[in-house]
Amino acid sequence: MSKTILLKNRPQGTPQNSNFEFIEEEKPSPKDGEVLLRTKYVSVDPYLRGRMRDEKSYIEPFEIGAPIASAIVAEVVESNNDRFEKGDFLTGSLEWKEYQTSTAENLRKVSSDENSLSANLGILGVTGLTAYFGLDRIGEPKEGETLLVSGAAGAVGSVVGQIGKIKGLKVIGIAGSDEKVELLKSKFGFDASINYNKTEDLAAAIKEHAPDGIDIYFDNVGSYTLDAAMKNINRLGRVINCGAISLYNETEKPTGPRLETTIVKQSVKMQGFIVSNYQEHFPEGVKQLSQWLNDGKLVKEETVVEGFDSIPQAFIDLFEGKNKGKMVVKIY
C-alpha cells in the first residue's frame, strides 16, 4: 500500500491539519517508459499556500480531493525507462505520495550522495536558484552597496544574504527571534541583524544599521516590513518582491502606506518575479551555486522533519517561523 495526501478543503486563514486528508492506495506498477518512485525528501514551501486558494495565479490551484504536489527527491525502485536504473535518484515536481509512477519527462537525475540529496530541494534547487536569480538579475548588486533581506533566516533569505556577501555587499537581515538573528551573523556571515519581534520602530532599527540607506531590498515578507524598508531606500534602489508570507493567510485585503511617491522621488525599481522566469538559465545557476557550496562560500542550513505523516504539520510550521533555512521532510 501507499499513502497519499489530498487537499480536503481550502484553508480559511492559517492552514490546519483538518485541511488535509490521508488515503491509502495500492502501490502502482510502472508501464512501459515509466519508473516507480519512492519518495525520499519532500519540500514544503510558503508558495503552496497560494495554490490552496481557488483563484487565478501563475500556476494552477490545487483541486479539492486531489493530491498536493511540491518539489521532491525520489528513488527509482523499479524502471521500465531506458534513461533510468533502479537506485537512481530524481528530483522535480511530484505528488505527496509514498510511491508513484512517472515518465520522468520533467525530472532530473541527481547524485545519490546522502549528504547532498536534500540540498537539491534547497540550496541547489529552486530555493537557491530563487535567491541567485532574484538578487543577480533584479538586484543588480554592486560591490560596496547595502542589502537588506527580510525572512533572512528562512530558506531563500539565508542564501540571499550569503550571496550578497560573496558579491561584496554589506548585508542586514531581519528575522523573528534572538536565536535566528544570532544565526544570521554567526553562520551566514551577515553584518547585522534585527529581531522584528523586539523592535517597536523597524524603520528606525534599519536606519541604525544602515545610516547611509538601503540600495537593495530582498523582500520575502511584505506588509509593514516592506513599508519600513521603503523609508530607508536610496535613490536608484532596487526592491525584489520574492514573497509576502505575512499576507498569505489574510482573509481580507490589508491596507498600508502608499509607496508610489517614494518610488518616483527615489527612482526606485520594484519588481516581482517567480523563479521559473529564468528556467532556461537554471544550469548556469546550479553550476555557480554548486561551486560556491564546494568552495565553502555557501553554508547549507536545513530543518529536517521525519515521517510522511509529518508533511502537513511541517508546512503549517512555516507560518510560525519554526524553520531555520530550508524546511524538508525526510520520508525514509
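Student: Which residues does Thr-39 touch, not counting residues up to four places away in sequence?

Tutor: Thr-39 touches Ile-72, Val-73, Ala-74, Lys-97, Glu-98, Gln-100, Ile-331 and Tyr-332, where contact means heavy atoms within 4.5 Å. Before going on: this is a predicted model, where local features need pLDDT of at least 70, side-chain atom pairs count only at pLDDT 80 or more, and totals for chains, interfaces and linings use all residues. Residues are numbered from 1 along each chain as its sequence is written, and side-chain values use heavy atoms, leaving out hydrogens and water.

Student: What makes Thr-39 buried rather than exposed?

Tutor: Buried means under 20% relative accessible area, exposed over 50%, and partly exposed in between (1.4 Å probe, protein chains only). Thr-39 has 1%, so it is buried. Thr-39 is found in strand β3 (residues 35-43); helices (H or I, at least four residues) and strands (E, at least two) are DSSP runs, numbered from the N terminus.

Student: And how do you know whether Thr-146 is buried or exposed?

Tutor: Thr-146 has 10% relative accessibility, so it counts as buried. This residue is found in strand β8 (residues 146-150). Leaving aside neighbours within four places in sequence, Thr-146 is in contact with Lys-170, Ile-172, Ala-210, Gly-213, Ile-214, Asp-215 and Ile-216.

Student: Why is α2 called largely enclosed by the rest of the structure?

Tutor: Because 11 of its 14 residues are buried, including Leu-129, Tyr-132, Phe-133 and Ile-138. Helix α2 (residues 126-139) reaches 18 Å from its first C-alpha to its last, close to the 20 Å expected at 1.5 Å a residue. Just after α2, Glu-140 takes a positive phi of about 45°.

Student: Why are α5 and α6 called oblique to each other?

Tutor: Angles under 35 degrees count as roughly parallel, over 145 as roughly antiparallel, 65 to 115 as roughly perpendicular and the rest as oblique. The axes of α5 (residues 202-209) and α6 (residues 223-230) come within 8 Å and cross at roughly 45°, so the two helices are oblique. Those axes are lines fitted to C-alpha atoms, for helices over the stretch in contact, with angles from 0 to 180 degrees between N-to-C directions.

Student: Which residues of α5 and α6 meet?

Tutor: Leu-202, Ala-203 and Ile-206 in α5 meet Tyr-224, Thr-225, Ala-228 and Ala-229 in α6. That contact divides into 6 nonpolar, 1 polar and no charged residues (Ala, Val, Leu, Ile, Met, Phe, Trp, Tyr, Cys and Pro count as nonpolar, Asp, Glu, Lys and Arg as charged, and the others, Gly among them, as polar).

Student: Where does Ser-267 lie?

Tutor: Ser-267 lies in the loop between α7 (260-265) and β13 (269-272). Phi of Ser-267 is near 55°, again positive, and at 32% relative accessibility Ser-267 counts as partly exposed.

Key:
The expected span of a helix is 1.5 Å times one less than its number of residues.
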